[in-house]
Amino acid sequence: MENKAKISLVGLILMIFSSIYGFANTPPIAFAQMGYASIIWYIFAAIIFFLPSGLMFAEYGAAFKESHGGFYSWLSESVGDRYAFVGTFIWLSTWVIWMVSTSSKVWIPLSTLIFGSDQTQNWHFLGLTSVQTVGLLALCWMILVTFFTTRGVKSIARIASIGGGVFVMVLTGIFFVSSIILLIVNHGELQQPIHGISSFVKSPPNPQFGSPIAVMSFVVYAIFAYAGMESMSGLVDDLDQPEKTFPKGIMFAAFFITIFYSLSIFLWGINTNWTKVISGDNVTLGNVTYVLMNNLGNFFGHSLGLSNSTSAMIGSLLSRFTGLSMFFAYCGSFFILTYSPLKSFIMGSPKELWPKRMTKLNKAGMPAFAMWLQAGIVAVFILLIAFGGAGGAQKFYLILTDMGNISTSVPFLFLIGAFPFFKKKQNIERPFVAYKNPIITNLIVTVILIVISLGIIFTALQPILAHDYVTAFWTIMGPLFFGSVALIFYSFRSGKNK
């Protein structure tokens with residue numbers, strides 16, 4: 001039997017880094033929300049969440065490496081089927097909410113690629129507002145992608161993923177190199193000044209993060225930036241000396257990812273003044289990356305003494321290239337995530353829980369009925385948010401971002417909360433063990449659960465205190481809705497099968 005090549009420490013670090021670090025979305029949004037003050041939260045999330053939870057997921061993955069249910073198998077074997085079904089259903093809702101958000105956001109990079117800037121706020125159709133028009137386009141996008149993926153058209157996903165990945169790497173390189181050049185050319189002067197330690201504690205003049213509760217809620221943004229480690233846990237069995245390699249890989253990856261996130265946020269201050277560039281009504285959490293890249297090109301040209309027209313052209317080229325990169329990246333992710341999490345959940349959970357139509361695969365090997373049902377749910381959410389009082393573009397994309405952050409954070413409560421029960425199981429083979437002391441294990445689990453819970457609570461509470469009840473409603477609706485549906489569905493189907 002041929003021995004399978006083992007993954008080295010360097011290979012593991014690179015795989016973790018490429019899977020989790022996201023330049024184009026995370027640092028620009030962090031800078032737009034809290035400026036330099038966001039850095040401390042990224043460091044905090046790496047220490048409190050990323051490092052310890054990554055080791056927990058590694059233990060899960062090593063113990064259940066033969067299970068094909070993934071998330072569901074981990075929870076089912078540790079706690080029970082009901083807990084697993086509800087937790088995995090909420091985990092699936094993460095991707096449903098992601099599709100709701102991304103189907104609306106995907107038009108921004110396309111618009112930027114074509115016109116040089118985000119023009120979606122000027123799009124109107126049959127008297128509809130721009131938000132409602134984008135909502136209809138998002139609906140069309142969801143239908144189109146579902147149509148192709150149910151027919152097994154995976155080539156689009158592969159091409160888009162490769163293209164998007166390469167372009168985003170090039171984009172990251174351009175950003176870092178140009179930022180360093182600007183720092184040298186401008187003799188270390190920052191466009192976003194640093195006023196002592198307060199600049200790294202207090203948000204810039206952003207009214208949304210003026211209160212302590214709002215600042216505390218930012219931990220959900222930071223946790224979102226490190227999400228994805230659970231998908232790497234299956235690699236434990238492929239490592240050379242996993243007991244030593246995986247903890248080292250996690251620590252080194254956490255260090256480098258945190259450094260890159262922190263450095264990226266800081267570098268945006270070299271070319272961007274928060275008040276002049278970000279505070280305008282036309283800047284949203286959906287288009288801030290393209291606005292910042294356009295400003296980077298403009299400022300780069302002016303700093304080198306180029307004319308206004310040449311500087312504007314550089315800004316336009318950078319924003320267009322960013323649009324191209326993100327459009328490819330969104331396409332690649334969307335075509336894969338339309339079927340992969342859903343198929344994994346349905347195929348990995350007990351088949352008797354599902355109606356036959358849900359588990360039936362078509363000729364392309366896709367659960368077509370379940371995918372169209374998913375598309376219908378996404379469509380309803382899109383239309384309700386777009387036509388249900390979301391207001392202007394800023395509020396619309398804030399709702400989508402907050403929904404995504406909370407829906408991503410809630411499943412971790414289930415995974416981490418189940419870990420002490422997993423550790424108590426005696427009949428499980430454990431090729432990899434990171435947590436050996438039960439008292440320390442329970443303490444770490446408790447701290448992580450408190451931090452995530454407080455972040456979720458404060459994120460939901462902030463718009464309520466600001467009397468923004470529409471944002472508050474949609475922020476918490478995803479996990480509440482899907483959790484309730486999961487409980488009712490499981491109780492009905494398990495009772496019916498008795």
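Guide: Helices here are DSSP runs of H or I with at least four residues, strands are runs of E with at least two, and both are numbered from the N terminus. This is a predicted model, where local features need pLDDT of at least 70, side-chain atom pairs count only at pLDDT 80 or more, and totals for chains, interfaces and linings use all residues. Residues are numbered from 1 along each chain as its sequence is written, and side-chain values use heavy atoms, without hydrogens and water.

Visitor: How many helices and strands does the protein have?
Guide: The protein has 20 helices and zero strands.

Visitor: What makes the protein as compact as a globular protein of its length?
Guide: Its radius of gyration is 23 Å, and the globule rule gives 23 Å for 498 residues. The radius is taken over C-alpha atoms; the rule is 2.2 Å times the number of residues to the power 0.38. The two values are close, so the protein is as compact as a globular protein of that length. Along the principal axes, the C-alpha trace spans about 75 × 55 × 50 Å.

Visitor: Why is T401 called buried?
Guide: Buried means under 20% relative accessible area, exposed over 50%, and partly exposed in between (1.4 Å probe, protein chains only). T401 has 7% relative accessibility, so it counts as buried. T401 sits in helix α18, residues 393-424. Across the protein, 55% of the 498 residues are buried.

Visitor: Which residues does T401 touch, not counting those up to four places away in sequence?
Guide: They are K105, Y221 and L285. A contact means heavy atoms within 4.5 Å. Of the protein's contacts with a separation of 6 or more, 82% join residues 24 or more positions apart.

Visitor: How do you know whether F412 is buried or exposed?
Guide: The relative accessible area of F412 is 4%, so F412 is buried. F412 also lies in helix α18.

Visitor: Why is L126 called exposed?
Guide: L126 has a relative accessible area of 74%, so it is exposed. L126 is placed in the loop between α6 (107-115) and α7 (130-149). Its phi is near 55°, a positive value in a residue other than glycine.

Visitor: What makes H187 exposed?
Guide: The relative accessible area of H187 is 75%, therefore H187 is exposed. The loop between α8 (155-185) and α9 (212-217) holds H187. H187 has a positive phi of about 55°, although it is not a glycine.
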